Amino acid sequence: MSIEVTNVTKKYGDFHALDDVSVSLPTGQLTALLGPSGGGKSTLLRIIAGLDTADSGTVAIEGTNATKLPPQKRNVGFVFQHYAVFKHMTVAKNVAFGLEIRKTPKAEVKRRVGELLELVHLSQFADRLPSQLSGGQRQRMALARALAVEPTVLLLDEPFGALDAKVRKELREWLRRLHDEVHVTTVFVTHDQEEAMEVADEIVVINQGRVEQVGSPDELYDEPANDFVMGFLGEVTRLGPVRLRPHDVDVSVEPGRAGSFPGRITRLLRVGFEVRLQVELDPEVASGAEPVSVVLPRSHARGLDLELGSRVWLTAAVGAVTVPAMVAV
Amino acid sequence: MTWFSLLVLIPLTAIVATSAERGWSGYVDTITNDQTMAAIQLTVGQAALVTGVNIVMGTLIAWVLVRDRFFGKRILDVVIDIPFALPTIVAGLVLLGLYGNNSPIGLDWAYTDRAVMLALAFVTLPFIVRTVQPVLEELDHDVEEAAASLGASRLTIFRRIILPSLVPAITAGAALSFARAIAEYGSLVLLSGNKPFSTEVVSVRVLSFIENGSTASAAAVASLMLAVALVVIVVLDVIQRRVSRRG
Ligand SMILES: Nc1ncnc2c1ncn2[C@@H]1O[C@H](COP(=O)(O)OP(=O)(O)O)[C@@H](O)[C@H]1O
Ligand SMILES: [Mg+2]
């Protein structure tokens, strides 16, 4: 295990930012810390890096107990949401910083910086100041700077959070490819479930200072440990006693199937290749319940001849992921 | 531009013109007069010394005000401005009371060149504190953390990351502090005693020229001080560019 966090608790006043958190992250993987804002993701990442200290619990990096080590001694690369560039240094100088501190010979520094700038596609910007770069370029520079010291682990706190949607998408794909090339153990924080699902080998879901679930994107999506994880990783809707994903609701235009819920289509929306329905269940089966959301492929909807106001019967699809709905209010 | 000309350029030109009234040799005579030279040396020397002290102390005080937490910090923050707020002659009286013949703290520095330095230090202290403080407050904490996780010690972080960001503010404050110091009058006349060749500063010398009706001499000295101030400001600017580009 590359990073071993054991029973870490961090309080601000009476408030538990982290409450007895334990996770172990294997070497060489790309892990996402995913969860809603304020859940404690940054706090955990900063404690791993030594930028904050835990009230109790331990952190080990590559088998060394790092709990009491200052950030300088942890050999961790950290990338901040707002880039944290050294404004008065050129791009090349920024990247060289960690190496110069380690008294690396000049020629060696030059060679490494050249390689790294190549890696992050910034070679032609070596002599510019960070203020002359776009946000995405600055973040790539920050990444090269962190990688320069060959860190044992690379930690990124919402690295694409300050970028616009298009650049964010490009950079997350690029990060994935970079990781496949460099293989350094990487942990990145995000509140965007799509970003986590797309990029990470493993996802740690954190909410209210606790770990809700750890698993691969597929595991989390298909076997959510609880209502929270299910809700956070994708859309959910409620059908009778269970909660499930809208695309796991089967629609039929005739009654007959055991346990089906009759209702009427109150909204119908075509979005690209899929059709989104809202179905209001008959009062005798579910009085006062929210309408059920259903997503089905367009061809399927056409086959059933669905229209606004059609009567339909809903069932949970075979093999659908369901969790018991919380007690209705 | 008109406003600037009215306020600055025209009076400056007038001084230079007046100083030229008695021709080049008159000019040189005035300047190289022993008593004048002594006053110029004292003023420029003490101003440079005080500015140097301010660079260190002012930065330190700004640092403490921004980064440290201690009892009475808010009060110190207000106290710093007192030399600004005090009419300079009142400052002179305060200093005379504290460091004069009847000094309650046993430091009788009246009529020595220490008195000059003390008065200058007192009135120029706020300049660097007040230019550096806001810059320090605005510094991005992430940047220091990034440097720390790259292995930089606290000293290295200060030297390579924080200081270069402060240099423009420090030099701006230093220029203000120097300019004020070479022109200071009110706060030091009382304590320094204005002894020719020992504690007489340029502004006092200029005043006595004027009292004797020799406006041209006064203007000659004034224009020389103007040149000194300009040179210092340019030099500081060059230093600032060098240092903040180096990284
Ligand atoms: N320095 C601090 N002082 C007080 N509360 C803090 C501090 N840092 C974080 N918190 C609180 O701890 C909680 C977790 O914060 P954080 O780890 O930044 O969450 P996330 O990164 O998941 O959005 C938040 O409620 C936040 O307000
Ligand atoms: Mg955060």
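Leaving aside neighbours within four places in sequence, B:Ser187 is in contact (heavy atoms within 4.5 Å) with B:Thr88, B:Ala91, B:Gly92, B:Leu95, B:Ala119 and B:Val123. This is a predicted model, in which local features need pLDDT of at least 70, side-chain atom pairs count only at pLDDT 80 or more, and totals for chains, interfaces and linings use all residues. Residues are numbered from 1 along each chain as its sequence is written, chains are lettered from A and ligands numbered from 1 in the order written, and side-chain values use heavy atoms, with hydrogens and water left out.

B:Ser187 lies in helix 10 of chain B (helices are DSSP runs of H or I with at least four residues, strands runs of E with at least two, numbered from the N terminus). B:Ser187 is buried, at a relative accessible area of 0% (buried means under 20%, with a 1.4 Å probe and protein chains only). Its side chain makes a polar contact with the side chain of B:Glu184 at 2.7 Å (a pair of N or O atoms within 3.5 Å, one able to donate a hydrogen and the other to accept it).

The model scores ipTM 0.84 and pTM 0.83. Mean pLDDT (the predictor's confidence in each residue, from 0 to 100) is 86 for chain B, and 98% of its residues reach 70 or more.

| Element of chain B | Residues | Mean pLDDT |
|---|---|---|
| Helix 10 (lowest) | 186-192 | 81 |
| Helix 8 (highest) | 141-149 | 95 |

In chain A, five strands form an open antiparallel sheet in the order 13-17-14-15-16 (strands pair if DSSP finds at least two bridges between them). Strand 13 (249-252) and strand 16 (292-297) of chain A stand at the edges with a single partner strand each, so one side of each has no neighbour in the sheet.

Notes:
Buried means under 20% relative accessible area, exposed over 50%, partly exposed in between (1.4 Å probe, protein chains only).
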